[in-house]
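User: I would like to study this structure through a series of questions. Please show it first, and then answer each question step by step.

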Amino acid sequence: MKVPSTLRFWTKMKRISEDYQSRLPDNTALKQQQLPAYRLQLSATGVLSGFFAAGAFCLGMGIILILSAKSIKEIEVKYTKICANCAELREDATNFDKECTCSIPFYLSETMKGNVYMYYKLYGFYQNLYQYILSRSNSQLLGTDLKDVGNCAPFSNSHDGTPIAPCGAIANSIFNDTIILSYNLNSSIPIEVPMLKSKITWWTDKYVKFQNPSSINLSSAFAGTTKPPYWSKPVYELDEEDPGNNGFLNDDFIVWMRTAAFPTFKKLYRRLNRIQYFIEGLPAGNYSFNITYNFPVTRFKGEKSVVLSTLTWSGGSSLFLGLAYTVTGAVTWLAAFSMMAIHLMLKKKKMLFIQD
Amino acid sequence: MFCSKKKSLEVERTVKANDREYNEKFQYADNRIHTSKYNVLTFLPINLFEQFQRVANAYFLFLLILQLIPEISSLTWFTTIVPLVLVITMTAVKDATDDYFRHKSDNQVNNRLSEVLINSKLQNEKWMNVKVGDIVKLENNQFVAADLLLLSSSEPHSLCYIETAELDGETNLKVRHALSVTSELGADINRLAKFDGPDTKLIQNSGKTKLKRTSIDRLLNTLVLWIFGFLVCLGIILAIGNSIWENQVGDQFRTFLFWKEGRKNPVFSGFLTFWSYIIILNTVVPISLYVSMEVIRLGHSYFINWDRRMYYSGKSTPAEARTTTLNEELGQIEYIFSDKTGTLTQNIMTFKKCSINGKIYGEVHDDMGQKTHMTKKNEPVDFSVNPQADRTFQFFDHRLMESIKLGDSKVYEFLRLLALCHTVMSEENSAGQLIYQVQSPDEGALVTAARNFGFIFKSRTPETITVEELGTLVTYQLLAFLDFNNIRKRMSVIVRNPEGQIKLYCKGADTILFEKLHPSNEDLLNLTTDHLSEFAGEGLRTLAIAYRDLDDKYFKEWHKMLEDANALMDERDERIAGLYEEIERDLMLLGATAVEDKLQEGVIETITNLSLAHIKIWVLTGDKQETAINIGYACNMLTDDMKDVFIISGNTAVEVREELRKAKENLFGQNRSSSNGHVVFEKQQLELDSVVEETITGDYALIINGHSLAHALESDVKNDLIELACMCKTVVCCRVTPLQKAQVVELVKNYRHAVTLAIGDGANDVSMIKSAHIGVGISGQEGLQAVLASDYSFAQFRYLQRLLLVHGRWSYFRMCKFLRYFFYKNFAFTLVHFWFGFFCGFSAQTVYDQWFIALFNIVYTSLPVLAMGIFDQDVSDQSSMDYPQLYEPGQLNLLFNKHKFFICMAHGIYTSLVLFFIPYGAFYNVAGEDGQLIADYQSFAVTMATSLVIVVSVQIALDTSYWTVINHVFIWGSIATYFSVLFTMHSNGIFGIFPSQFPFVGNARHSLTQKCIWLVILLTTVASVMPVVVFRFLKVDLFPTLSDQIRQRQKSQKKARPLRSQRPQTRRSSSRRSGYAFAHQEGYGELITSGRNMRAKNPPPASGLEKTPYNSTSWIENLCKKTTDTVSSFSQDKTVKL
């Protein structure tokens, strides 16, 4: 008799306490907003030391960057005006089949040591226009579906409806000048400076993003497509000597297809092949650029140039970054000093106030 | 029938009782209660329509439509539609659940059963089917879900006791009596349904439900419009730029990029560009802003629900945030409107002290003979010897009991008076226990006290009163009952005791009574006056007690005159009043009583603290002026230090105007002369007010009663009233109707543009709760109306302090911080497109990858800012309570306003400039480490995106002042998420599957391995964060806020206990005279002497004594003979509804 009644009593008590507890909020740190936390507060020592450290770092980095930017040897030759006759010829699109060459001699006063890279540089060419960037077909360039010319307007199909390969405005407007650098060793016999056209693209571009349609014969693979209207030869004839550089896999083509962020840009064209005279780099002396002038720039009041440049540890960095770092560092220090002055002044005032 | 006076619009209601066919002609509303908004069919269209009425949703819909136009679409559609659908669905689900619960509660009420007379037979009918004109039979303890007219009841004289807890939160029983014509009709309670459904008084009085928005919401709406205007400006600039560019440059570029179809000239191109940029730049106000705000508020609401310190174990009621959209407004309250009964007070009266014949009882003396305050240790007086004693009564002074044992005749007389002079009705319940039915709880307390000390009021008839005096039954003959009224402020009975002596017993306000004393009382008078001051100083309600021996002859003469006067037609009342005056003189003072209107726990501390937080507290009560003033003193809202207390109690508009004018003159006397403001226009007036407010020295209080308020709320005096009231530290409105409560709230809302909070517990507070910005209901009570209408509810008034000072303050602080950061972040994020426009021929090319734009606000940066918005604390909750002044920034709107918005905007613009131009400069003429191109568009996009994510993460890290684990996880997690998503989307695998969706293949790998890119990101971060740190450091150093100081102090003395702020003494000290209070009303004397409320048989009523009844606003007379303010309140209600 006794046991069940006690039991009943306890179950009842339990129920009551459960009832009671069910409405009482849990006593957890989260629910009571008592989570252990670090209260962040800008302390004078922390901020000031941080500022001094950041300032020192920026100044140091700035100086290093400026020095390394200075160490870069760079030569830029603008050839739009120099090759004025060619430029004039290219103004008229109907002259597309007339060849025009242009030779620009220049003197290299100092040896360009190490790897030397040759770039072409365009001024005022907007590769970043919305419609322009859009105007390409990644699935076509992947070689899977040559007929996919989805976004390529206005260069998706030719007049008779055959799809263009590679389609789109980017591909159509490819930079198609040929630039050959020759070295006048003995002031009479010019030697063509050996240049590599490999490894001028990103690895992923060359091996992932661009693929030729699979076929034994490239020209048959591109059957049923037509060349872009501004091209003089179809895509499968871009480099007939090297199958790994032909079709969509052509390095110059891939470089062009990676659109530049700003209207003035330089793109890698060739790398110096460091053999023979050029093991050390480009020796000082007389050189000339032999340019086959195809790409019209005067139509959009642009300019083009060819650039020879060496690199440093951070690549081909310009002076800007170094200067920006130096200025930031200087400003940070200035701020740190003024904050310290103000802080100390206030502290003194407070002390005086307390003494009074 | 009787109702012609009730409504001004519906002039007359013609009803034939029990004749449905006839009544149907008038098409009265049915009795179904509808509080739900939708049904299954109408849900989707109505809900969608409502949702798209919100500016934000409509705006996003518009954007979505824009994005679907291919000509101008510069962003893919999924960037907008995914979040939009998400938001709409979330809101719809929430609305649907809310409505489901409303349906449920409606059904519950509608389906309650009632007995209705149909076809001469009583039938069970659901309340919702009850029609106007039906005759309803009610049993004891049944719910009533319509306005009914009492026809007849089983009680004698067709009386009927009703409880109105769900109407006004008052749990005492109220008496209604039927018309004599109908009272003969039936034995049970029969009632005629009069107003049904939406016409019922409750629904009509409850005001209109409006969607409450916080002031931040409203500010945000304005800001969104401004931002949109700003976007349009940017769009126009860019469109013009585009036209010019197309004209100058693009035209020559046609060789490479032909005109698209339909885009044949620069101007049209500019036009399209405009829309494209509107789409791109819309991310300044992303949908995630609104979603995040809702989430943060929801989080804060949960914190309120979870707070153990707002949990009342007495009723096991946790606090509840019933609305989840108003939290930050809790941090901006400037005015609190509080109900009195049940909110400030417990609605319990206890007999605390008394002074009998110059001796004070009720103070506890310890061994040293020193007065001490009551502590738990003191043993209460043991009343167990008295079988009739009320168990709940406690008294701590044993000396009174001793005096009784010693047979002190004055003490006997005192207690006898308490047992005789009152309007209490007694009855015995089935257990033989004596139950008192009281109309005034003060009286209940006094009679109960007498009962416990051995003078037990047993029963009464119209002619006699039976009292058990220390064990012996004594029956007194009741000769006259000199009823209470507001002018007399006293009541008397004239009785003949068994010995044949005629005595007049009188109790009333000391100020009145002391003038009527016999001159021989002077010494006692002085002593008692001291005691009364002491009582009043403790906030007790006091009454003076006196008697007079009458000789037979004199009384008979007087009685004759009284009867004559009663028979008079003219000037009857004046004559009677004169006669009362005549006999109530030469009184012998017995002493005084002190009754405590028990305050809720912690009320004084809460009010003190809230006042320190510069929150003004107004008491709006249906109570009488004296009671209200008394409570004002009791809870320290009124003090002796106040320079002046203005009492406005005029009965006509002219009087009220005059009183207001005088009060203003008094208040502004010295100030106004200097600030030569004679005629001020409303706008200037506000400015002037703030000037005057500062110049006024000393505290003032305003007390205004309902009649005067009705006049004062008329338009031409309104300004005077509000001006005066806002100068006063304390405002007490007494005798106000529910509707007037709402009007007062509206007045302050409209004229002061201040954030208001109303707190109450009864249905009479519903309208005020609904019209205030924030409505708080006291839960755990019987009536639910207030809680149902409220936005927040908790069980005790004292929790208001924590709700406002801790939760409110934090909510506001967090929300403002969230908004500041959010706008900064999105300006920084979006404006780079604008700068880029100048370098991409204004072609609406985005800087970032589309995926980044779609994910930035939802995935990469939402959680850290949410964590800050939910968890951040500047100072601890304890400090928030210790320094109520910390509340001030919220009231002054300092943390997020238009000025702060511009600062955020400038901050965002600066960051966007840094973000864009540093990479721009660095990318000029740059080459990768292997000579390859790194200045391509895609690398630029990745660099910018990475810099942006890092900069805003550093910024949130700086902004977060309370770093919990969650903050760590979210901030580091967001950065980690960004990089993993970036690498995934730029991976070969995903490109292989969707080559056209993910064209950035290999980009992250290539760009982020370049030292130069990292140097750019680092520099960008330093350059954009450094100025902010400088600014903040100097601000804390030069102009520290209170919260900064507290944080600094706490940091420097981390181990020592925090300094507590100096608080004024919460101890009441007052030398105020006359804490007189009678809570009951005139007319009961007549009921008693006529014997109409006496029962023949006494069926025990359901309510026990623990339900100490209480009475305030009179609903009694409403049915047939009610006054003008009800009429006006009805008509006003009607206009509101229309």
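**Where the two chains meet**

User: Which residue of β30(B) stands opposite Arg39(A)?

Analyst: This is a predicted model, and the answers below should be read accordingly. Strand β1 (residues 38–39) of chain A pairs with strand β30 (residues 962–963) of chain B in the antiparallel sense, over 2 bridges. Within this pairing, the residue that faces Arg39(A) from β30(B) is Tyr962(B).

User: How much area do chain A and chain B bury between them?

Analyst: The size of an interface is often given as the accessible area lost when the parts come together. Here 92 residues of chain A are in contact with 101 residues of chain B. Carbon and sulfur atoms carry 65% of the buried area, and the total is about 8700 Å².

User: Which residue of chain A forms a salt bridge with Asp936(B)?

Analyst: Side chains of opposite charge can pair when their charged atoms come close. Between chain A and chain B the count is 1 salt bridge. In the pair formed by Asp936(B), the closest N and O atoms are 2.4 Å apart, and the partner is Arg258(A).

User: Which helix gives the most to the side of chain A that touches chain B?

Analyst: Across this interface, 32 residue pairs are in polar contact, both residues being at pLDDT 80 or more. On the side of chain A that touches chain B there are 55 nonpolar, 24 polar and 13 charged residues. The element that gives the most to this side, with 12 residues spanning part of 319–355, is helix α10 of chain A.

**Inside chain A**

User: How many residues apart in sequence are the parts that Glu74(A) and Lys266(A) tie together?

Analyst: Over all chains the count comes to 45 salt bridges. One of them joins Glu74(A) and Lys266(A), whose closest N and O atoms are 3.4 Å apart. Glu74(A) lies in strand β2 (residues 74–78) and Lys266(A) in strand β9 (residues 265–272), so the pair links parts of chain A whose separation in sequence is 192 residues.

User: Which residue in β11(A) stands opposite Ser103(A)?

Analyst: An open sheet of 4 strands in chain A has the order β3-β11-β6-β7, with antiparallel pairing. β3(A) and β11(A) (residues 285–292) pair over 8 bridges. The residue of β11(A) that faces Ser103(A) is Asn290(A).

**The sheet of chain B**

User: Which residue in β18(B) stands opposite Ile465(B)?

Analyst: Strand β17 (residues 464–469) and strand β18 (residues 472–482) of chain B pair in the antiparallel sense over 6 bridges. In this pairing, the residue of β18(B) that faces Ile465(B) is Tyr476(B).

Note on methods. Residues are numbered from 1 along each chain as its sequence is written. Chains are lettered from A and ligands numbered from 1 in the order in which they are written. This is a predicted model: local features need pLDDT of at least 70, side-chain atom pairs count only at pLDDT 80 or more; totals for chains, interfaces and linings use all residues. Side-chain values use heavy atoms; hydrogens and water are left out. Two strands pair if DSSP finds at least two bridges between them. Contact means heavy atoms within 4.5 Å. Buried area is the accessible area (1.4 Å probe) that two parts lose on being put together, summed over both. A salt bridge is a side-chain nitrogen of Lys or Arg within 4 Å of a carboxyl oxygen of Asp or Glu. A polar contact is a pair of N or O atoms within 3.5 Å; within protein, one must be able to donate a hydrogen and the other to accept it, and residues adjacent in sequence count only if both atoms are side-chain atoms. Ala, Val, Leu, Ile, Met, Phe, Trp, Tyr, Cys and Pro count as nonpolar, Asp, Glu, Lys and Arg as charged, and the others, Gly among them, as polar.
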